[in-house]
Amino acid sequence: MSTAMNFGTKSFQPRPPEKGSFPLDHFGECKSFKEKFMKCLHDNYFENALCRNESKEYLQCRMERKLMLQEPLEKLGFGDLIGGKSEAKK
């Protein structure tokens, strides 16, 4: 019994990643921001609302280094943090 499949009938066409997918930080350019964010999450029992500033800084680092698409911070949900304001209570 042969289990060989015929892959010649269809050719695979690669697609770019969907929004939200981005390259890995192979060179650790934003590692300190990621570690600060992860520590905040751990210290706050993974309540991400308390770590929004750290999350914003991490995403800004990624955008500045072209590790993700440049997006306005308002579109990413950080409109209330622009200018130093924060609704999260610590």
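Author: Gladly! Let us begin with contact, which means heavy atoms within 4.5 Å. With that cut-off, and setting aside residues up to four places away in sequence, Ser55 touches Phe37 and Phe78. This is a predicted model, in which local features need pLDDT of at least 70, side-chain atom pairs count only at pLDDT 80 or more, and totals for chains, interfaces and linings use all residues. Residues are numbered from 1 along each chain as its sequence is written, and side-chain values use heavy atoms, with hydrogens and water left out.

Reader: Where is Ser55 placed, and is Ser55 buried or exposed?

Author: Helices (H or I, at least four residues) and strands (E, at least two) are DSSP runs, numbered from the N terminus. Buried means under 20% relative accessible area, exposed over 50%, and partly exposed in between (1.4 Å probe, protein chains only). Ser55 belongs to helix H2, and Ser55 counts as buried because its relative accessibility is 16%.

Reader: How many helices and strands does the protein chain have?

Author: The protein chain has two helices and zero strands. Helix H1 covers residues 31–43, and helix H2 covers residues 52–64. Of the 90 residues in the protein chain, 23% are buried. Among contacts with a separation of 6 or more, 50% are between residues 24 or more positions apart.

Reader: What does UniProt place at residues 30–64?

Author: UniProt positions are given in the numbering used here, with feature names shortened, and annotations may be inferred rather than shown by experiment. The record, an unreviewed entry, places the feature "domain: CHCH" at residues 30–64. In the model, that span is 74% helix and 0% strand, and its end C-alpha atoms lie 10 Å apart.

Reader: How many disulfides does a search of the whole structure find?

Author: A disulfide is a pair of cysteine sulfur atoms within 2.5 Å. The search finds two disulfides. One of them joins Cys30 to Cys61, with an S to S distance of 2.0 Å. Cys30 lies in the segment before H1 and Cys61 in helix H2, so this pair ties together parts that are 31 residues apart in sequence. The torsion about their S-S bond is about -95°, so the disulfide is left-handed. Cys30 is buried at 1% relative accessibility, and Cys61 is buried at 2%.

Reader: Which residue forms a disulfide with Cys40?

Author: Cys40 is bonded to Cys51, their sulfur atoms 2.1 Å apart. Here the pair links distant parts of the chain, eleven residues apart: Cys40 is in helix H1 and Cys51 in the loop between H1 and H2. This link is left-handed, with -95° about the S-S bond. Cys40 is buried with a relative accessible area of 7%, and Cys51 is buried with 0%. If you number the bonded cysteines in sequence order, the pairing reads 1-4, 2-3.

Reader: Which residues make up the largest nonpolar core?

Author: In soluble globular proteins, nonpolar side chains tend to be buried together. A nonpolar core is a set of buried Ala, Val, Leu, Ile, Met, Phe, Trp, Tyr and Cys residues joined through side-chain atoms within 4.5 Å. The largest one has ten residues in all, including Cys30, Tyr58, Cys61, Leu73 and Phe78. Leaving out residues up to four places away in sequence, Leu73 touches Lys56, Gln60, Met63, Phe78, Gly79 and Ile82.

Reader: With which side chain does Arg52 make a polar contact?

Author: A polar contact is a pair of N or O atoms within 3.5 Å; within protein, one must be able to donate a hydrogen and the other to accept it, and residues adjacent in sequence count only if both atoms are side-chain atoms. The side chain of Arg52 makes such a contact with the side chain of Asp80, at 2.8 Å. Arg52 lies in helix H2 and is buried, with a relative accessible area of 18%. Beyond its neighbours within four places in sequence, Arg52 is in contact with Gly77, Phe78, Asp80 and Leu81.

Reader: Which residue other than glycine has a positive phi?

Author: Most residues other than glycine have a negative phi. Lys66 has a positive phi near 60°; Lys66 lies in the segment after H2 and is exposed, with a relative accessible area of 69%. Tyr45 also has a positive phi, about 55°. Tyr45 sits in the loop between H1 and H2 and is exposed at 75%.
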